[in-house]
Amino acid sequence: MSDETLKAPWSSMRNDVHLPRLEDLVTRVRAQPHAAKQTFVARTSWQRGTRTMAVFTEMHLDGENQSPPARRSAIEMDEPLYIGGADDAPNPGEVLLAALAGCVTAGTAITAATSGVHLDKLELELEADLDLRGFMSIDPSVPSGITDIR
């Protein structure tokens, strides 16, 4: 956000972004740059087979927990049938793409809101490549994770 953008009047909401809260955060970070550090906490546990549960209970800003005590979000993940999973939840690679797209989408909505731009629709589609030879430890020279995201 440019200085000119932030001088614009801050109404309460634009694109369903709460602008006064955002303005308070921008003011705090400008006065205390160390306050810009945000830390996310995700805990995963193996459920059975290829199923994993990720739980999110904390989000920290400048070392302070910003999550209400009752906050608890979870994502279940599983692998497709051809890898031995039950395919009854998104796989971790799909969740990674969704998280990246969600981050870009939220950032775009915030930038649009603070710039006075009204959004009617915003969609992203991402793709990722993974070589199963690395993922399944068939070939140690092949990386075991996602190698390309487009």
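Colleague: Is Arg51 buried or exposed here?
Modeller: Bearing in mind that this is a predicted model, Arg51 has a relative accessible area of 19%, and because the cut-off for buried is under 20%, Arg51 counts as buried.

Colleague: And where is Arg51 placed?
Modeller: Arg51 sits in strand 4, which covers residues 51–61.

Colleague: What does Arg51 touch, apart from its neighbours within four places in sequence?
Modeller: With those neighbours left aside, Arg51 is in contact with Ser45, Trp46, Glu76, Met77, Asp78, Asp88 and Ala89.

Colleague: Which salt bridges does that arginine make, then?
Modeller: One of them joins the side chains of Arg51 and Glu76, at 2.1 Å from N to O. This pair links distant parts of the chain, with Arg51 in strand 4 and Glu76 in strand 6 (residues 73–77), 25 residues apart. Another salt bridge brings together the side chains of Asp78 and Arg51, at 4.0 Å from N to O. Asp78 lies in the loop between strand 6 and helix 3 while Arg51 is in strand 4, so this pair ties together parts that are 27 residues apart in sequence.

Colleague: Why would such side chains pair up at all?
Modeller: In general terms, side chains of opposite charge can pair when their charged atoms come close.

Colleague: Which residues are linked in the network of salt bridges?
Modeller: That network links Arg51, Glu76, Asp78 and Asp88.

Colleague: How many salt bridges does the structure hold?
Modeller: The structure holds nine salt bridges, and one of the others is formed by the side chains of Asp129 and Arg150, at 2.7 Å from N to O. Asp129 lies in strand 7 and Arg150 in the segment after strand 8 (146–149), so the pair ties together parts that are 21 residues apart in sequence. Asp129 is partly exposed, with a relative accessible area of 29%, and Arg150 is partly exposed as well, with a relative accessible area of 47%.

Colleague: While we are on strand 7, what about Ala128?
Modeller: Ala128 belongs to strand 7, which covers residues 128–130, and it counts as partly exposed because its relative accessibility is 30%. Leaving aside its neighbours within four places in sequence, Ala128 is in contact with Leu97, Ile146, Asp148 and Ile149. The C-alpha atoms of Ala128 and Glu94 are separated by 8.5 Å, although these residues are 34 apart along the chain.

Colleague: Back to strand 4, please: which strands does it pair with?
Modeller: Strand 3 (residues 38–48) and strand 4 run antiparallel and are joined by nine bridges, with Gln38 standing opposite Leu61 in strand 4. Strand 4 also pairs with strand 6 in the antiparallel sense, over five bridges, and Thr52 has Met77 in strand 6 as its bridge partner. With strand 5 (residues 64–65), strand 4 pairs over two bridges, again antiparallel, and there His60 stands opposite Asn65.

Colleague: What happens at the turns?
Modeller: Strands 3 and 4 form a hairpin with two residues between them, and Gly49 in that turn has a positive phi of about 55°. The hairpin of strand 4 and strand 5 has two residues between the strands, and in it Asp62 takes a positive phi near 55°.

Colleague: Changing topic, what can you tell me about helix 3?
Modeller: Helix 3 has 23 residues and reaches 33 Å from its first C-alpha to its last, which is close to the expected 33 Å at 1.5 Å a residue. Its N-terminal end is capped by Asn91, where a side-chain oxygen lies 2.8 Å from the backbone nitrogen of Gly93, and just after the helix Gly116 takes a positive phi of about 80°.

Colleague: Which residues of helix 3 are buried?
Modeller: Its buried residues are Val95, Leu97, Ala101, Ala109, Ala112, Ala113 and Thr114.

Colleague: Last one: which residues make up the largest nonpolar core?
Modeller: That core has five residues, namely Val17, Leu19, Leu22, Ala109 and Ala113. Helix 2 (19–31) and helix 3 (92–114) each supply at least two residues of this core.

Terms used: Residues are numbered from 1 along each chain as its sequence is written. This is a predicted model: local features need pLDDT of at least 70, side-chain atom pairs count only at pLDDT 80 or more; totals for chains, interfaces and linings use all residues. Side-chain values use heavy atoms; hydrogens and water are left out. A nonpolar core is a set of buried Ala, Val, Leu, Ile, Met, Phe, Trp, Tyr and Cys residues joined through side-chain atoms within 4.5 Å. Buried means under 20% relative accessible area, exposed over 50%, partly exposed in between (1.4 Å probe, protein chains only). Helices (H or I, at least four residues) and strands (E, at least two) are DSSP runs, numbered from the N terminus. Contact means heavy atoms within 4.5 Å. The expected span of a helix is 1.5 Å times one less than its number of residues. A polar contact is a pair of N or O atoms within 3.5 Å; within protein, one must be able to donate a hydrogen and the other to accept it, and residues adjacent in sequence count only if both atoms are side-chain atoms. Two strands pair if DSSP finds at least two bridges between them.
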